[in-house]
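Thank you all for coming; I would like to take a few minutes to walk through one model with you. Please have the sequence and the structure open while I talk.

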Amino acid sequence: MLPARMSFDFDTPPVREGTDSQKWQKYAGRDILPMWVADMDFKSSPAIVEALQRRVADGVFGYARPVKSTTDAVVEMLERRHGWRIDPAWIVWLPGLVVGLNVTAQAFAQPGEEVLTLTPVYPPFMTAPRNSGRVSVRVPFVLNAAESRWEIDWDALEAAVTPKTRLFFLCNPHNPIARVWRRDELERLAAFCVRHNLVLCSDEIHCDLILDPALSHIPTATLGSEIAARSITLLAPSKTYNVPGLGTSLAIIPDATLRAQFVRATAGIVAEVTSLGFAACEAAYRDGEPWRQELLAYLRGNRDYLVDFVARELPGVKIVAPIEATYLAWLDVSALSLADPIAHFEKHGVGLSDGTFFGAKPGSHVRINFGCPRSTLERGLARIKTAVQQARG
Ligand SMILES: Cc1ncc(COP(=O)(O)O)c(C=O)c1O
């Protein structure tokens, strides 16, 4: 349910057609509603917009470094929201999380060495190692149908370790299966990494988008000093506050040796964060909380609408487990027996993300982004309904 009075407007779709939006340019000139990339169709928090306006009014845009108030905003948010007290010296600023995944692969594995991850997963978890000649090793999740839960296949994970395994890429909360990892699961994963002497790269970009009020995010590096000393945590305000185009992310690396190795791998090839990026990040973490709370309420409403619509109106489409976090849903469309689900849904006016990029079997899954005004979601789902009816003959 939405709060009785919303202070922020999530209902009015911003004009994005004909703009620099990647999401909308993909289908320019075609009547296809883009519901693919993880970029929401909402204006960002007014606190961020105002901070950017003030920074632009300065008119000076030299090479930037974070000022103390920016670092303080990150440190205070992590302690207040997630109970994680970090030393500001642990922060390495980055222009994107995908950059962080690529740098991590290069810094902590040699060409031909292996990076483990759990699939389906956000595609760069698999492509980042391959970009630099490292090997991506995937361990598929298993569905615990009785409990409607995706789970880690611990035996398969153990069996996947070889003398060449160096790194583990974790997505917490997980895109696309929308799981929030529980403490016992994280502890078991941490013990696994310690036992096999792996560096743990924990992408926590979705950590401030927990939809299930009974759950909370546990930063992997807070589980204990042993795992903290081998962890790279990747964070950003981009998903939560809808500022992915501003390119501001951070790696938090408590161990000085690991941090130096990581920084060395960035030398000369990783661009600096801009002054606008720092301004947005500071405003998001310091002043964006009222907006985030209303966003979460709105997204919960969209999630419930989506789940209900799929169950009632889309025979042959399944959401097999609760959407605990993110604004992304993983739809099982295998019962529709479509050779190319993406082309089929595009033909009916909706642009979704192709499950095969996340490691799913061809024809089995698509991902939908429900971070949009309710009217957009309703329009997209009505089109999907027609597409499903057509597929079922
Ligand atoms: C798990 C995850 N990591 C990273 C990113 C992208 O990060 P960036 O745009 O900072 O490279 C996304 C975007 O959807 C994501 O879902």
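Let me begin with a question: which residues of S14 point one way, and which point the other way? In this predicted model, His 365, Arg 367 and Asn 369 point one way from S14, while Val 366 and Ile 368 point the other way, and all of them are buried. In a regular strand the side chains alternate between the two faces of the sheet. S14 is mostly covered, in that five of its five residues are buried.

Now let me place that strand among its partners. S14 belongs to an open sheet of three strands, in the order S11-S14-S13, with antiparallel pairing. The edge strands, each of which pairs on one side only, are S11, residues 328-332, and S13, residues 353-354. Between S11 and S14, which run antiparallel, there are five bridges, and on that side Leu 331 stands opposite Val 366. Between S13 and S14, which spans residues 365-369, the antiparallel pairing rests on two bridges; here Ser 353 stands opposite Arg 367, and Asp 354 has Val 366 as its bridge partner.

Let me step back to the whole chain. The protein chain has 14 helices and 14 strands, and its C-alpha trace spans about 60 × 55 × 40 Å along the principal axes. For 393 residues a compact globule would have a radius of gyration near 21 Å, and the chain has 21 Å, so the two agree. Of those 393 residues, 47% count as buried. If we take the contacts with a separation of 6 or more, 75% of them are between residues 24 or more positions apart.

The domain assignment divides the chain into domain 1, made of 22-45 + 289-391, and domain 2, made of 49-287. Their C-alpha centres lie 25 Å apart, and 29 residues of domain 1 are in contact with 33 residues of domain 2. On the side of domain 1 that touches domain 2, H12, S11 and S14 each supply at least two residues, and the largest share, five residues, comes from H12. By class, that side of domain 1 has 17 nonpolar, six polar and six charged residues.

Is Thr 326 buried or exposed? Thr 326 counts as buried, because 29 other C-beta atoms lie within 10 Å. Leaving aside its neighbours within four places in sequence, Thr 326 is in contact with Pro 173, Asn 175, Ala 178, His 206 and Leu 209.

Most residues other than glycine have a negative phi, and most peptide bonds are trans. Pro 173, in the loop between S7, residues 165-171, and H7, residues 183-195, is joined to Asn 172 by a cis peptide bond with omega about -5°. Ala 178 is also found in the loop between S7 and H7, and its phi is near 60°, a positive value in a residue other than glycine. Ala 178 counts as buried, because 25 other C-beta atoms lie within 10 Å.

There are further cases of this kind elsewhere in the chain. The peptide bond from Thr 119 to Pro 120 is cis, with omega near 5°, and Pro 120 is found in the loop between S3, residues 114-119, and H5, residues 124-131. Asn 242 has a positive phi of about 55° although it is not a glycine, and it lies in the loop between H9, residues 238-241, and S10, residues 249-252. With 24 C-beta neighbours inside 10 Å, Asn 242 is also counted as buried.

Finally, the ligand. How many residues surround the ligand? There are 13, and the closest are Ala 38, Gly 96, Leu 97, Val 98 and Asn 175. By class, this shell has eight nonpolar, four polar and one charged residues. You will recall Asn 175 as one of the residues in contact with Thr 326.

Terms used. Residues are numbered from 1 along each chain as its sequence is written. This is a predicted model: local features need pLDDT of at least 70, side-chain atom pairs count only at pLDDT 80 or more; totals for chains, interfaces and linings use all residues. A residue is near a molecule or strand if its C-beta atom, placed from the backbone, lies within 6 Å of it. Ala, Val, Leu, Ile, Met, Phe, Trp, Tyr, Cys and Pro count as nonpolar, Asp, Glu, Lys and Arg as charged, and the others, Gly among them, as polar. Two strands pair if DSSP finds at least two bridges between them. Helices (H or I, at least four residues) and strands (E, at least two) are DSSP runs, numbered from the N terminus. A residue is buried if 20 or more other C-beta atoms lie within 10 Å of its own, exposed if 12 or fewer, and partly exposed in between; C-beta atoms are placed from the backbone. Two residues are in contact if their C-beta atoms, placed from the backbone, lie within 7 Å. The radius of gyration is taken over C-alpha atoms; the globule rule is 2.2 Å times the number of residues to the power 0.38. Domain bounds come from an automatic or database domain assignment.
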